[in-house]
Amino acid sequence: MDETVQQLRQLLKLAADLRGFAAEASYPDYARKLLAAAAELEIRAEILSGQRSEPADSQTAALYRSIDIRI
């Protein structure tokens with residue numbers, strides 16, 4: 001249980017950091033990518049916490065595909 005809570009905190013902290021970086025980004029496309037990554041992390045945190053279920057079918061799963069956040 002403690003490990004899951006720690007993972008949730010780390011995911012949400014990283015998402016907040018990414019949103020902060022997006023606010024400071026000089027290129028709109030870069031900011032969009034950072035915001036998309038933050039949103040994906042927040043969704044993952046919701047799934048991990050049990051507030052959201054994982055996508056069941058392939059059409060819904062496409063909405064939650066992983067993204068490349070190499071910086």
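1. Helices and strands. Helices (H or I, at least four residues) and strands (E, at least two) are DSSP runs, numbered from the N terminus. By that rule, the chain has three helices and zero strands. Along the sequence, the pattern reads α-α-α.

2. Ground rules. This is a predicted model, in which local features need pLDDT of at least 70 and side-chain atom pairs count only at pLDDT 80 or more, while totals for chains, interfaces and linings use all residues. Residues are numbered from 1 along each chain as its sequence is written, and side-chain values use heavy atoms, with hydrogens and water left out.

3. The chain as a whole. The chain exposes about 5,600 Å², an area found by the Shrake-Rupley method with a 1.4 Å probe, where for residues only the protein chains shown count as cover. Of the 71 residues, 18% are buried. Buried means under 20% relative accessible area, exposed means over 50%, and partly exposed lies in between (1.4 Å probe, protein chains only). Now take contacts, meaning heavy atoms within 4.5 Å. Among contacts with a separation of 6 or more, 48% join residues 24 or more positions apart.

4. Helix α1. For the 23 residues of α1, that gives 33 Å, and the end C-alpha atoms are 33 Å apart, so the two agree. The buried residues of α1 are L8, L11, A15, L18 and A22. Helix α2 is included in what covers them.

5. The core. Which residues build the largest nonpolar core? A nonpolar core is a set of buried Ala, Val, Leu, Ile, Met, Phe, Trp, Tyr and Cys residues joined through side-chain atoms within 4.5 Å. The largest one here has 11 residues: L8, L11, A15, L18, A22, A31, L34, A37, A38, L41 and A45. Helices α1 (2-24) and α2 (28-49) each supply at least two of its residues. Helix α2 gives the most, with six. Take A31 as one member of this core. Leaving out residues up to four places away in sequence, A31 touches A22 and A25.

6. A salt bridge is a side-chain nitrogen of Lys or Arg within 4 Å of a carboxyl oxygen of Asp or Glu. The structure holds four of them. One joins K13 and D17, at 3.0 Å from N to O. These two are four residues apart in helix α1, so about one helical turn separates them. K13 is exposed at 53% relative accessibility, whereas D17 is partly exposed at 30%. Another bridge joins K33 and D29, with the closest N and O atoms 3.8 Å apart. K33 and D29 are four residues apart in helix α2, which means about one helical turn lies between them. K33 is exposed at 52%, and D29 is partly exposed at 41%. There is also a network of salt bridges here, linking D29, R32 and K33.

7. Which parts of the chain does the pair R19 and E42 tie together? Their side chains meet at 2.8 Å, N to O. R19 lies in helix α1 and E42 in helix α2, so the pair ties together parts that are 23 residues apart in sequence. R19 is partly exposed at 35% relative accessibility. E42 is also partly exposed, at 25%.

8. L35. This residue lies in helix α2. L35 is partly exposed, with a relative accessible area of 37%. The C-alpha atoms of L35 and R19 are 5.8 Å apart, although 16 residues separate the two along the chain. Setting aside neighbours within four places in sequence, L35 is in contact with R19 and A22.

9. S49. Helix α2 also holds S49. S49 is partly exposed, at 36% relative accessibility.

Definitions and conventions: The expected span of a helix is 1.5 Å times one less than its number of residues.
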